[in-house]
Amino acid sequence: MAIDYIERIPNNVDLGGNKTLQRALEHWQPRFLDWWREMGPSDFLASEPYLRTAISVDRAGWATFGHVKMPDYRWGIFLAEQEPDRCIGFGDEYGKPAWQQVPGELRSTLRRLIVTQGDTEPASVEQQRLLGHTAPSLYDLRNLFQVNVEEGRHLWAMVYLLHAYFGRDGREEAEALLERHSGDADRPRILTTFNERIDDWLSFFMFTFFTDRDGKFQLKSFAESGFDPLARTTRFMLTEEGHHMFVGDSGVARVVRRTLEVMKEVGEEPDKVRAAGAIDLPTIQRYLNFWFSSSLDLFGAESSSNAASYFAAGVKGRPDEAKFGDHLCRDGAMTLDLPDGKGGVAREEIPLRNAMNEAVRNAYVHECAVGARRWNGFVAAAGFAQTLTLPSTRFRRSTGLWTDQPVDPAGNVVSDEAYAAGLPHWLPSDGDRAFIKSLMQRVTEPGKFAAWIAPPDRGVNELPIDYDYVRLN
Ligand SMILES: [Fe+2]
Ligand SMILES: [Fe+2]
């Protein structure tokens with residue numbers, strides 16, 4: 001049966017006039033819905049969350065709100081407005097007109113980058129699929145589903161590029177995006193972080209703070225791309241990414257604030273905080289250590305010839321490229337710390353183009369630190385001296401120069417024995433996970449919140465906190 005595209009798939013890519021794209025989507029869209037039913041939010045197909053839907057890219061249309069069943073969500077295809085005469089802003093092609101079609105010699109590179117980005121979107125939906133059963137409030141449940149449907153739309157955004165610009169290979173890759181699954185032993189998602197389990201809401205908030213923020217930096221790098229459709233697609237995706245990071249940032253802040261209330265009553269002792277039903281700060285720190293270190297790997301190796309060639313070719317730039325003075329980076333260098341193989345640290349200078357991953361990772365770390373400072377501000381204001389600290393970027397790395405090195409969270413190279421002994425104290429233990437799991441009890445009364453998390457400062461879209469954000473049908 002033909003789909004009424006204009007009604008079902010809001011878009012600004014002239015879907016109605018593009019028969020090839022219609023045919024590709026006619027095939028793919030039912031498979032996407034099957035995937036959503038099978039791998040999306042478990043058991044909430046009939047529920048009606050209060051969701052934001054983008055129906056156009058202008059101010060009035062990009063955030064329309066209403067209660068909607070998720071399988072009926074109108075996943076749309078949007079590109080940010082085209083900049084007339086846009087030129088490539090970096091690399092060897094600097095100043096030349098941006099490409100409206102895929103240059104032949106960059107075809108496989110661009111396809112691989114789009115597939116890798118696209119793979120993360122449904123992966124996170126799969127990782128989060130069971131969380132609805134333990135939501136601490138209807139407000140949080142709604143935010144979870146908002147993130148889920150928007151990650152679904154991000155998948156559509158990447159599939160649009162594959163269908164519209166990569167022909168048959170693109171259609172095959174679009175199918176494969178629905179066939180790999182997070183954590184699947186045979187066909188896992190491409191990147192490790194997107195195969196980690198998210199079984200509890202503390203992990204969800206850490207993920208949306210740290211991992212969605214990696215997503216933001218990746219999208220910002222693509223937003224500079226010389227391939228104009230990719231740049232425009234990712235620019236629009238960034239408008240949605242902001243909400244995901246808000247969920248993480250405010251989620252962790254609310255956990256911390258609740259913990260501080262309990263600490264004021266029972267003192268700082270972790271066991272006492274736990275006995276009072278809140279999450280002690282050292283446990284929050286261990287979850288932070290896990291998700292921060294995992295997310296750092298997503299930026300790739302510190303020294304990367306791939307990153308250099310993406311930059312040279314004009315495929316993937318630096319976030320906010322315009323703010324840099326030098327867009328060619330032919331002569332610059334960056335000094336990196338690396339293990340010297342004798343338990344110490346050596347330094348090495350590499351060409352700036354090869355250090356692009358590290359430059360972007362540094363900007364990311366800086367932004368994460370801003371969040372941590374704000375959380376610590378709550379702790380200090382409550383009169384306590386504990387702090388939440390980002391571990392060193394050398395800690396627990398699985399990519400790059402520090403892969404599998406025995407480094408403590410402060411960044412010191414330690415003995416293998418000290419590392420093995422320290423790890424259970426630096427990362428969530430089985431006991432931590434069991435405790436967190438014991439707190440995860442579902443709360444479904446509007447305006448009520450689980451005891452381990454403070455209510456938010458305000459509701460969604462200027463509605464009250466006790467609004468019925470999800471109708472649980
Ligand atoms: Fe996304
Ligand atoms: Fe996201």
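Tyr165 lies in helix H4 of this predicted model. With 19 other C-beta atoms within 10 Å, Tyr165 is partly exposed, because a residue counts as buried only if 20 or more lie within that distance. Helix H4 covers residues 138-165 and packs on a sheet, touching strands E1 and E5.

**Tyr165 and its surroundings**

- Leaving aside neighbours within four places in sequence, Tyr165 is in contact with Gln101, Val102, Gly170 and Pro229.
- Pro229 belongs to the part of helix H7 that meets H4.
- Ser42 is 123 residues away from Tyr165 along the chain, and the C-alpha atoms of the two are separated by 33 Å.

**Helix H4 against helix H7**

- Two packed helices are described by the angle between their axes and the distance between the axes.
- The axes of H4 and H7 come within 10 Å and cross at roughly 170°.
- That angle makes H4 roughly antiparallel to H7, because angles over 145 degrees are classed this way.
- On the H4 side, the residues that meet H7 are Asn143, Gln146, Val147, Glu150, His154, Ala157, Leu161 and Tyr165.
- On the H7 side, the residues are Pro229, Leu230, Thr233, Met237, Glu240, His243, His244 and Val247.
- Sorted by class, the contact of H4 with H7 has eight nonpolar, six polar and two charged residues.

**The largest nonpolar core**

- The largest nonpolar core has 99 residues.
- Met206 and Val255 are the residues with the most contacts inside this core.
- Strand E1 and helices H3 (107-127), H4, H6 (201-222), H7 (228-266), H9 (281-296), H10 (305-313) and H11 (356-381) each supply at least two residues of the core.
- Apart from neighbours within four places in sequence, Val255 is in contact with Leu202, Phe205, Ile279, Ile284, Trp452 and Ile453.

**The three-stranded sheet**

- Three strands form an open sheet in the order E2-E1-E5, with antiparallel pairing.
- The edge strands are E2 (64-67) and E5 (470-471), and each of them pairs on one side only.
- The direction of H4, which packs on this sheet, makes about 50° with that of E1.
- Strand E1 (residues 48-53) is joined to E5 by two bridges.
- In this pairing, Glu48 stands opposite Arg471, and Pro49 stands opposite Val470.
- Four bridges join E1 to E2, and these strands run antiparallel.
- Thr53 stands opposite Thr64 in E2.

- Strand E3 (residues 333-339) and strand E4 (residues 345-351) pair in the antiparallel sense over seven bridges.
- The bridge partner of Leu338 is Ala346 in E4.
- E3 and E4 form a hairpin with five residues between them.
- Gly341 in the turn has a positive phi of about 80°.

**Loop residues with positive phi**

- Most residues other than glycine have a negative phi.
- Asp404 is not a glycine, yet its phi is positive, near 55°.
- Asp404 is placed in the loop between H11 and helix H12 (416-426).
- Asp404 has 10 other C-beta atoms within 10 Å and is therefore exposed, since 12 or fewer is the limit for that class.
- Asn461 has a positive phi of about 55° and is not a glycine either.
- The loop between H13 and E5 holds Asn461.
- Asn461 is exposed, because its count is 10 other C-beta atoms within 10 Å.

- Asp468 is found in the loop between helix H13 (430-439) and E5.
- Asp468 counts as partly exposed, because it has 17 C-beta neighbours inside 10 Å.
- Leaving aside neighbours within four places in sequence, Asp468 is in contact with Leu138 and Pro446.
- Thr444 is 24 residues from Asp468 in sequence, and the two are 9.3 Å apart in space, C-alpha to C-alpha.

Terms used:
Residues numbered from 1 in each chain as written. Chains lettered and ligands numbered in written order. Predicted model: local features only at pLDDT ≥ 70, side-chain atom pairs only at ≥ 80, totals over all residues. Pairing = 2+ DSSP bridges. Contact = placed C-beta atoms within 7 Å. Axes fitted to C-alpha atoms, helices over the stretch in contact; angles between N-to-C directions. Core = buried A, V, L, I, M, F, W, Y, C linked by C-beta atoms within 7 Å. Parallel < 35°, antiparallel > 145°, perpendicular 65-115°, else oblique. Nonpolar A, V, L, I, M, F, W, Y, C, P; charged D, E, K, R; others polar.
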